[in-house]
Amino acid sequence: MSALLKLEKIHCSYDHREVVHDVSLHANKGDIICLLGPSGCGKSTILGAIAGFHPLDKGEILINRQSVSRPGYTLPPEKRRLGMVFQDYALFPHLNVGTNVGFGLRHMSAQEKDQRVQDMLQLVGLTDMTKRFPHELSGGQQQRIALARALAPQPDILLMDEPFSNLDVDMRERLSSEVRDILKQHGTTAVLVTHDQHEAFALGDRVGVMHEGKVLQWDTPYELYHEPNCRFVANFIGQGTFLQGTVLDPETIETEIGIYQGNRAYHWQQGSAVDVLLRPDDIIHDPKSGLRAEVVQKAFKGAEILYTLRLASGNRLLSLFPSHADYAIGDQVGIKVEANHLVAFAQN
Ligand code: ADP
Ligand code: MG
């Protein structure tokens, strides 16, 4: 399948300062892709380049196999068939919901327009709100209206820049999975930009983790979590701790809590010191295990408890226990490692 959206080795700058370096990624029709990274890493600049607001220094952007951006040429935004949703909703305050959603629908009869507005409101689950004004809606409802408005002209690609940042945590989580359902149901191809890992994982089929203008890893949420390709990604995504290990052979590393065999071969010399990444779900409760650790901290998460454990060496681990395995600070608990993935990095 040829990609609907393709970025090929793009570079962007402001006043000769390059802020996006050599970024490549693609989305097939119906994919939701996501750029995830800390503030200032270049996410909005890339979105601006896709939208046609920002020219390229090098590289090329293709939409439907048509070259839309390359050095010296930028197809104007209004010719790209894109929809956009931003953090601040940007609904017209003096227009009611129906008029807001219908705003971008030119060249349509009044009847067709009405029908499309109703379809879009149904898609986002707000059919009875047509006559309301933006200030009469909650933040989450406003953002769903902004989504309906962006989707109404049936864009080829929907661009979303931190669309949930202004919402409280509960609403953000609920809305991000709702929006994923809406986009999937509608078959929309979308690019989401966010600094929030939970949002990226809740929405993205594929996520690019960015740092200082580069995409460090372009992968599924599962791969990013379990197979981070560098320390930055390992630290940025999810929780975990590092334990020092010694390489026994390309697939085997020894640590103070055992010898682990992985599913990938490393190219280090036997005997080299490395850091092994252990996720909380890699360390499991095993009352019968001879490997013991002391509880130093606990955080109740509902179905699970996240324990911080201290090994005899003083090194710490994070571990998720089912929540009925309720221990107190200072208790000794039995643990074992159950990791399908062996992720390790050379020591600096
Ligand atoms: P993000 O969206 O990931 O927070 P941006 O793409 O907005 O990052 O910014 C990337 C870099 O470009 C930052 O260093 C930022 O300060 C700089 N930058 C963004 N917009 C402008 C601008 N209009 N003029 C100059 N520098 C800018
Ligand atoms: Mg931004």
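This is a predicted model: local features need pLDDT of at least 70, side-chain atom pairs count only at pLDDT 80 or more; totals for chains, interfaces and linings use all residues.
The C-alpha trace of the chain spans about 75 × 45 × 35 Å along its principal axes, and of the 348 residues in the chain, 49% are buried. The secondary structure comprises 8 helices and 21 strands. Where contacts in the chain link residues at least 6 apart in sequence, 64% of them join residues at least 24 apart. As to charge, the chain carries 34 positive and 42 negative side chains, and a distance of 5 Å separates the centres of the two sets.

Among the elements of the chain is an open sheet of 5 strands, in which the pairing is antiparallel and the strand order is 2-1-4-5-6. The edges of this sheet are formed by strand 2 (17–27) and strand 6 (73–74), each of which has a single partner strand, so that one side of each is left without a neighbour in the sheet. Within the sheet, strand 4 (residues 58–63) pairs with strand 5 (residues 66–70) in the antiparallel sense, and 3 bridges connect the two. With regard to Leu62, the bridge partner in strand 5 is Ser67.

Helix 1 covers residues 43–51, and because 8 of its 9 residues are buried, this helix is largely enclosed by the rest of the structure. The buried residues of helix 1 are Lys43, Thr45, Ile46, Leu47, Gly48, Ala49, Ile50 and Ala51. After helix 1 comes Gly52, which has a positive phi, near 95°.

A further helix, helix 6 (residues 197–203), contains Glu199. Although Glu199 is buried, this residue has no salt bridge. The nearest side chain of opposite charge is that of Arg172, at 4.4 Å from Glu199, whereas a salt bridge is counted when a side-chain nitrogen of Lys or Arg lies within 4 Å of a carboxyl oxygen of Asp or Glu. When residues up to four places away in sequence are not counted, the residues that Glu199 touches are Pro163, Phe164, Arg172, Ser176, Leu192 and Thr194. Arg172 is thus one of the residues in contact with Glu199, while no salt bridge is assigned to Glu199.

Terms used. Residues are numbered from 1 along each chain as its sequence is written. Chains are lettered from A and ligands numbered from 1 in the order in which they are written. Side-chain values use heavy atoms; hydrogens and water are left out. Buried means under 20% relative accessible area, exposed over 50%, partly exposed in between (1.4 Å probe, protein chains only). Helices (H or I, at least four residues) and strands (E, at least two) are DSSP runs, numbered from the N terminus. Contact means heavy atoms within 4.5 Å. Lys and Arg count as positive and Asp and Glu as negative; His and the chain ends are not counted. The place of a charge is taken as NZ of Lys, CZ of Arg, CG of Asp or CD of Glu. Two strands pair if DSSP finds at least two bridges between them.
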